Amino acid sequence: MNLGYDPADEAFRDELRAFVDEHAPPEIKQGRDWIGDDEDTDADGIMVIPAWARRWQATLFDHGWMIPGYPPELGGRNATPIQTLIYLEELASRGIPRSVHFGGYAIVGPSLLEFGDEAQKALAPAAIRGDTVWCVGMSEPDAGSDLANLSTRAIDDGDSFIVNGQKVWTSYAVVAEKCFCYVRTDPDVPKHKGISVLIIDLDTPGVQIRPLYHVSHRAEFAEVFFTDVVVPKANLVGALNDGWRITMGALAHERGSLWVEGVMGAQRGIDDLVVLAHARGLADDAVVRRRIAELASQVRALRAMGYKGFSSFAQGSSAPEHSFMKLATSEVRQAIFELAIDLQGAERAVTDPAVAYEGARWQRSWLTSLASTIGGGTSEIQRNVIATRVLGLPRD
Amino acid sequence: MDFRLSDEQELLVDTARALFTNECPSTLVRSVGADPAAASALFDRHLRDWVPLAAPPPDGSQVDLSLFLVEAGAAVAPGPFLATAGLFAPLLVAADHDLAQAAVAGQVTGTVALAGADGTWGPDAGRTRTQVIDVHLVDHVAVVTPGPGLVVVAADSLERRDIETLDLARRYSSLELDTPLVAAADALDPAVLDDAIERMALAVAAELVGVARWLVDTSVTYARQRVQFGRPIGSFQAVQHKLVDMALAYEEASAAVAHAAMCLDADDPDRHRAVHVAKASAGRAARRAGRDGMQVHGGIGYTWEHDLHLRLRRAMADDALVGTHEWHLDRLADLLMAPS
């Protein structure tokens, strides 16, 4: 066991720092917890992708800094897993996002490369560079935690499929050109075995997208309705009825480092809490100090746990530690934001930008953070999965 | 940050685990209250040779000592190993005391009298020393006197008052420091004492991680086997989620202890925070595992016969030994909240 990194890996970090210092757009508010703070919306609160974000993602890709573990033609530089960890650590500790929409580079691009035919693989670079914006059609009104229960139906019509149904909570659909869409192609077999993936161009007749405002009254989500949408057979990804295998998070070499952003975000939250406590004149309050220390100790322990799991991951073994990270970091971040609101005393509910503390950013972050224990698998589902897969308990 | 164990460390863990499984059954743990000689015998036959893990690098390391103490904790090991290797030797090494080499070599045993009347661990002005463990089993007591100062005296020369605690396998005593004893002490640099306290706290934290691990493993195993309503209770979500939260707290503590051990071995500037995090996390993880582990076990876990309460008791006692988790959190807050 040891603390540091090899000189070669430190050189990698130095090169990254120099690149970021030179190229990061000034619009990125570095060093802030940007949960709910920097995602840009139009006058109606509907998500837009700002020009600087498009430029930044393309710049990262062109310099091999978008997905460092990939080869240069896919926006990378064949980085090792440890270098990928350093990369994510460095960006996350500075609060710099790679992209404001993760569907394309994190899910669709890697899935196309793994499961697509040659024509579909050719779509991956643009997905990763952000030139094509993608959404992923998974959740439906009756398929949330029980995702395999999805019922959007694709019926074989010779050269094409005819799609009918509805998706919901579809992130980025309001700005996307294409949807990586999970559909039911066989209703007569067990539910996991009748699902396929189609690429659906969102300008196809019969597609309707309705922005879905969440509790912050912003809309990154949408409902997507399909009415007799004609999708060419060539847009089937992988084999028919084999879609359940094409699961999320296909960036295999980043899997050991997915925890980094959550932990680093929480660490920035702790740093900001300390500043807030001083600003509110509560830095000497014994209860406040204890509560901050409790959260800080958990965040630091989680950080150690992430690195411990990474050591197993880099060795090629499974890392039980990482199964806990999404669950733990999402819950601790909610607690950090809630404490920050408590520190504002009787003014904790004030969000008027003219008078609210720091423009009510803590209140916005708190509201946004409430999604993190629901999206991507609820905390309850996370616990079920850990119970059966990590602890080996019998299924319910 | 690389948490991988070397081949030698893997072997150390396997050897220690086998040693405690074979030589430290719960019958022994339960016997030492009435028969202290059994604890001394365990130490002399099987544990004394491992004290040199407490030597400073390269001969020993905090990482290796922690790995061994985790296994000791899982077994609720009684005897003077923790006092000698986890408390006495680090203090003497930090203070560069004449007996340091003999302590690290396992040639002499000892314990530390440091906690004040309020139970806190740090230089204080009082003359009462509480939470002195296993005085009856060791050769020497390293007494930290007001000032601070340090004096090492023969254990049987001291008048001690034994104090019953929740921990059935470890004896606690308190001492009153008389004037000649205080006068005999050599001055101790407060920074040296702080360093020693961090090493002592980490040793107890490692033991707590072992306690937590046993409780999580045993509770998970029980939930897989125990059938009610026609199915294993581990298939019920309410039970599953409790076990997941116990396991999460254990994993956090385990990683925090390993990280703090690396920081101490590397003399990393982050070591102070890392140790406070480790001790606070370990104390809370072990207590949660004891409390919720008993709940998962239901009635059988509440019996005297079941070994669970041995760990529940040690968890509570160790949480207070070398600083309660609240004390460590408050020290962490001091470091976090200091104007930068």
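Student: Which domains does the domain assignment give for chain A?
Tutor: Happy to start there. This is a predicted model, where local features need pLDDT of at least 70, side-chain atom pairs count only at pLDDT 80 or more, and totals for chains, interfaces and linings use all residues. Residues are numbered from 1 along each chain as its sequence is written. The bounds come from an automatic or database domain assignment, and for chain A they give domain 1 (7-103 + 111-129), domain 2 (134-241) and domain 3 (245-390).

Student: Which residues in domain 1 of chain A lose the most area to domain 2 of chain A?
Tutor: Buried area is the accessible area (1.4 Å probe) that two parts lose on being put together, summed over both. Domain 1 of chain A and domain 2 of chain A bury about 1600 Å², 64% of it on carbon and sulfur atoms. On the domain 1 side, 30% of what is buried comes from three residues together: Ile46(A), Met47(A) and Gln120(A).

Student: How many salt bridges does the rule find across that interface of domain 1 and domain 2 of chain A?
Tutor: The rule asks for a side-chain nitrogen of Lys or Arg within 4 Å of a carboxyl oxygen of Asp or Glu. Across the interface of domain 1 and domain 2 of chain A, the count is zero.

Student: And how many salt bridges are there between chain B and chain A?
Tutor: Chain B and chain A bury about 4200 Å² between them. Asp330(B) and Arg290(A) form a salt bridge at 2.8 Å, N to O. The count between chain B and chain A is five.

Methods
Chains are lettered from A and ligands numbered from 1 in the order in which they are written. Side-chain values use heavy atoms; hydrogens and water are left out.
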